[in-house]
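Please keep the sequence and the structure in view while I speak.

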Amino acid sequence: MSEANPHTTKIPIFIPMQSYWTLTPDEQAAWVLEFTRIHMAFTPDETEAREAAILDHQLPAIFLPPDPGDLVTGRFHYPPLAFTPQPAGDRGGFAYVYDPKKFEDLKSSLEDQALVQRLEEAEMYWKQNDTGQQTRLAYPPEIAELLPSDNWTGEPGIGFPLLRMSGSHLDYGKLMEKGIPGLRKEIGQYSTTHPGSAPLFRAMESALTSLEKVITFHEQHMRKLAKTAQSKAQEQAASKLTEALSSIGTNRPQTLLEGIQLFYLYCLCAGSNNFGRMDDYLAPLYARDISNGAITRDQAVNYFVHLWKLVNFREIIYDGRVIVGGMGRHHPREADELALVILDSVAISADVLPQLTLRMHNGIDPRLKKKAFDLIAGGNPYPMLYNDEVNVPSAMNAFKIDKETAKDCIPFGCGEYVLYRKSFGTPSGVINLTKALEVTLHNGEDPVGPRSLGVPEANSIDINTFDDLWKAYTINLEAYIHALAVQEKIEYEQAGNAAPFLFFSMLFDSCIERGKPVFGGGIDHLGGTLETYGNTNTSDALLAIRNIVFRDQECTLDELVRALDNNFEGHARLRKQLLDQPKYGNDIDEADEMLVKVHDHVCLATMAQAEKVGLDSYLVVNINNSANTIFGKYTAASADGRLAGTSLANGNTPHMGMDQNGATALLNSIVKPSTRFHAGASQNFKLSREMLAKYRDQTVDLIDTYFAKGGAQLMITAVNRGDLEKAMEHPEAYPNLLVRVGGFSARFVELDREIQLEILQRTLY
Amino acid sequence: MEGTVFDIQRNSLNDGPGIRTTVFLKGCALNCLWCHNRESIAVKPLLRFYPDKCQNCMECVTVCDAEAHLDLEGKHAVDFARCVQNWDCIQVCPSGALVKTGKNMSIEEVMQIFLKDRDYFDRSGGGITLSGGEPMIQYEFSKSLLAECHVQGIHTCLDTTGYTPWERLKSMMACTDLFLYDYKETDPKKHKEFTGVDNILIRENLARLNDAGAAIVLRCPVIPGMNDNEEHLGEIARLSRMYEGIREVHILPYHTLGIGKAEQHGIKAEHVTFSIPDEKIKAHWWTILNSHDAKNFRIF
Ligand code: SF4
Ligand code: SF4
């Protein structure tokens, strides 16, 4: 191997308007080095200019050239370095994100060792300057001690931070109304009234120029594709899209196609993963197209089918929310028509995304409701049903806002509520309640992992009564809640210090008006959320302990803990007694009351943090991705009778298979925990296809009654009896069987076995 | 007052209109060849054993003085005939493999469960259904329970074989909104063969109920090769036209769901299995019923 000499190595020149993904490895390395150089070139107080320059560098470079059959377009991957609110997949990070794995891949594709060495130097820089890393370094010691790791998928623990700026739903209504020229005009106006914010406004204008380049990039490619098209239809589609792209660079959108295209490219440039109240902001364009005869309804359906292909190209299965229906829309009548189109398109694409969310209320257009049930009866996990009649008043209380604002409360991701256009509420962390109880029962030792957990104040309590146990558990839990609230605040501060998030700041209310970036005082409501897991198991376990140990004195607490440590081996009888205790989800007051006690505690303790750490709100979300399964793996047997390592219950539902009193009993139970002080809970409901086919009216009545009794949300998976089992045996025969996991949907056959089992064991109604 | 209940099903959708809670009472005077609730025939509670859940720990063998539990070289088995229903074994079984079918409940206890689903009843036009077994075996309990439902304004259905003294059935009219009346076979001799009793009383009671103005759903279990002939189906059609009280006719095709359940209660009995009718056979029934001008019928 020849000695590398950096001074003689030729660094390729990166050509603007070229996709990173079509470059040679050497050119890609040059691109990465240039990204690094730009970042270094600015001082820490030049955050606006720095982000603008980085965006200029990464746009349109991160995009892939369009595909020949595209009716709408826009695909990208993040390179080893990127500016983003949240990287793809499960990785954490935000703002300036360094991806070591992608660095490795790039380095191993290089022959020139000098380039490798330069990349390694760049890595040294990014190990310090990655914003996620800087956030970790900013924890005060007492927080760092409670949150030593963010590897929640690979280590046992009670609480873990999540580093990301997740959950943006941008104001695409404003984008549709103004287009790029209108945004420029608005920025121009405020520049004169807020001269102190000149760097921010200049940077915003630059970001819009980057967006224009992205549009031009796609336009140029589409123009070429029109020329090389294989068929007349393809040529027409490509020409139409070329025209639309050429128009939105300079005008506000005039047609549905232009609207969809502008929204989606903006959204990708922003790195935003959720798509807002789509039926409303695209409604005027759709209505105009239809009344002009410019397109047919079927063509509109087809545009959306193509849009969903693009959305599924992204690795965002936990996000991709599209909201339709509900109170507080600007164009309710037109929006209902478009919502029907969107429902049709989702039925056709039958894919994992978008996570179509239907907001229902007493005044819902009956056609929308009917179509929603048609989709569900067809085995589609969408739409998920949300009940405005409950959610609007609940949001008023939880977020402390007025009714009009609360009408814009919408879920993102796995089901966390934010206020559309007005608030941010990224989850600051995940917390495992069952682990907190487990550690409490072991005086601070974790029977599964090497670390001692909890706090001395709790772990030193001598537990002789149920009240002692409750006290120790709550002290432990509250310590982690507090740590994660502090971490949320730090995360926002770091985001604000790192960058103005220009694309966000242009489409969140008040930022431009105030001349302030989204995380630097611009946004109206800066909130946070905390994902809780194991709520049901904790409550069932506490009740079983109260009854068996303290009330009936069937065994001592030490004996119980020994049985748990041995995963009930040799303690089958005790396990049966524990299992026989009432369980949440059966409409039995004793069990449901305990759940409410656990729920109230964690929700109120979390809510109280907002003021302490300086956020506008800090709220529990009792949702679920696959964390119930992952946390379950690192949680020993629990006193509800659950075996070690198995899944925890999913969101606000009973532990799987524990609900045995029928659907009405289940629904009666799950409306008991209050919705007034959290930011979302998810309810999965597995229903047999036969039931929906044969007893459709009664099923709709069942769900309507649930909503009337205070049900906030329901996610229905309709499956055939036996389909899931058969799909486990013969996955090849069921490639398209979609199921609701928790906060996301997936192809059943692609899920891990444990998650498949968890779904299988849920009660089928 | 207490009754012996062997199951309560909430969100029950096929025992009357809307969303219902169905209470299954123990005891029945008939013994249909195709019965799918055999454990309900005896009034007393029964031991139920789920072989799938059993871990062969033999705890039950140790506690059962009646020697109903057997240790067959490490494999546990139950001799149901010896069981004296003291439930000791259920207390010790760690796996939930042993349970008791049937428990005594007071009117208040049952009402409490009914009332929990009142909102579902009201929205869907549902209510409660008494089924069994034959609810008229626990006549006093059934009557008081339905009367209490009417006090609370809850819609009631009574699922009955009609094999009960007319005076009793008549007295149920005041508290029953809809009778789900079984009609199993037209030929009295065959009826006796299939169910253990002839159908004279059943047919008389049906006529009287109709004359007295009751609302009736005629529920007809149809078993291939047994009662799916033109004579019986034609008579069903005739009844549907003749009796104004019959609002609907429900044809209930034979199914085998009850067999495993019976075995878990140690009821091997002489139960015969029949073939499950496919769509073609059901279409044939439909043609017969239709050709006899049957009114308001549905095949499930
Ligand atoms: S109920 Fe009593 S008699 Fe019957 S098997 Fe169990 S222990 Fe034996
Ligand atoms: S006690 Fe239960 S698990 Fe053990 S042998 Fe008897 S039935 Fe089986």
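In chain B, E230(B), L233(B), I236(B) and A237(B) of helix α9(B) meet W285(B), I288(B) and L289(B) of helix α11(B), where contact means heavy atoms within 4.5 Å. Helices (H or I, at least four residues) and strands (E, at least two) are DSSP runs, numbered from the N terminus. The residues of this contact divide into 6 nonpolar, no polar and 1 charged. Here Ala, Val, Leu, Ile, Met, Phe, Trp, Tyr, Cys and Pro count as nonpolar, Asp, Glu, Lys and Arg as charged, and the others, Gly among them, as polar.

This is a predicted model, in which local features need pLDDT of at least 70 and side-chain atom pairs count only at pLDDT 80 or more, while totals for chains, interfaces and linings use all residues. Residues are numbered from 1 along each chain as its sequence is written, chains are lettered from A and ligands numbered from 1 in the order in which they are written, and side-chain values use heavy atoms, with hydrogens and water left out.

How do the axes of α9(B) and α11(B) cross? Helix α9 (residues 230-242) and helix α11 (residues 279-291) of chain B have axes that come within 8 Å and cross at roughly 55°. Axes are lines fitted to C-alpha atoms, for helices over the stretch in contact, and angles run from 0 to 180 degrees between N-to-C directions.

I turn to the sheets. Chain B has an open sheet of 9 strands with mixed pairing, in the order β7-β1-β2-β8-β9-β10-β11-β12-β13; two strands pair if DSSP finds at least two bridges between them. Its edge strands are β7 (103-106) and β13 (297-299) of chain B, each pairing on one side only. The twist from one strand to the next averages 30°. Strand β12 (residues 246-253) of chain B runs parallel to β13(B), joined by 3 bridges, and H250(B) stands opposite R298(B) in β13(B). Helix α3 (residues 107-116) of chain B lies across β1 (2-12), β2 (20-25), β7 and β8 (127-131) of chain B, at about 80° to β7(B).

In chain A, 5 strands form an open sheet of mixed pairing, ordered β4-β5-β6-β15-β14. At its edges stand β4 (321-325) and β14 (684-688) of chain A, each with a single partner strand, so one side of each is left without a neighbour in the sheet. β4(A) and strand β5 (residues 355-360) of chain A pair in the parallel sense over 5 bridges, with I323(A) opposite T357(A) in β5(A).

Next, the ligands. Which residues come nearest to ligand 2? Of the 14 residues around ligand 2, these are C54(B), C57(B), M58(B), C60(B) and C93(B); a residue is near a molecule or strand if one of its heavy atoms lies within 4 Å of it. Ligand 1 is surrounded by residues of chain B, among them C64(B), H69(B), C83(B) and C89(B). By class, the shell around ligand 1 has 8 nonpolar, 3 polar and 1 charged residues.

Finally, the backbone. Most residues other than glycine have a negative phi, and most peptide bonds are trans. The peptide bond from L59(A) to P60(A) is cis, with omega near 0°, and P60(A) is found in the loop between α2 (47-58) and β1 (81-84) of chain A. The bond from G132(B) to G133(B) is also cis, with omega near 15°. R421(A), a residue other than glycine, has a positive phi, near 75°.
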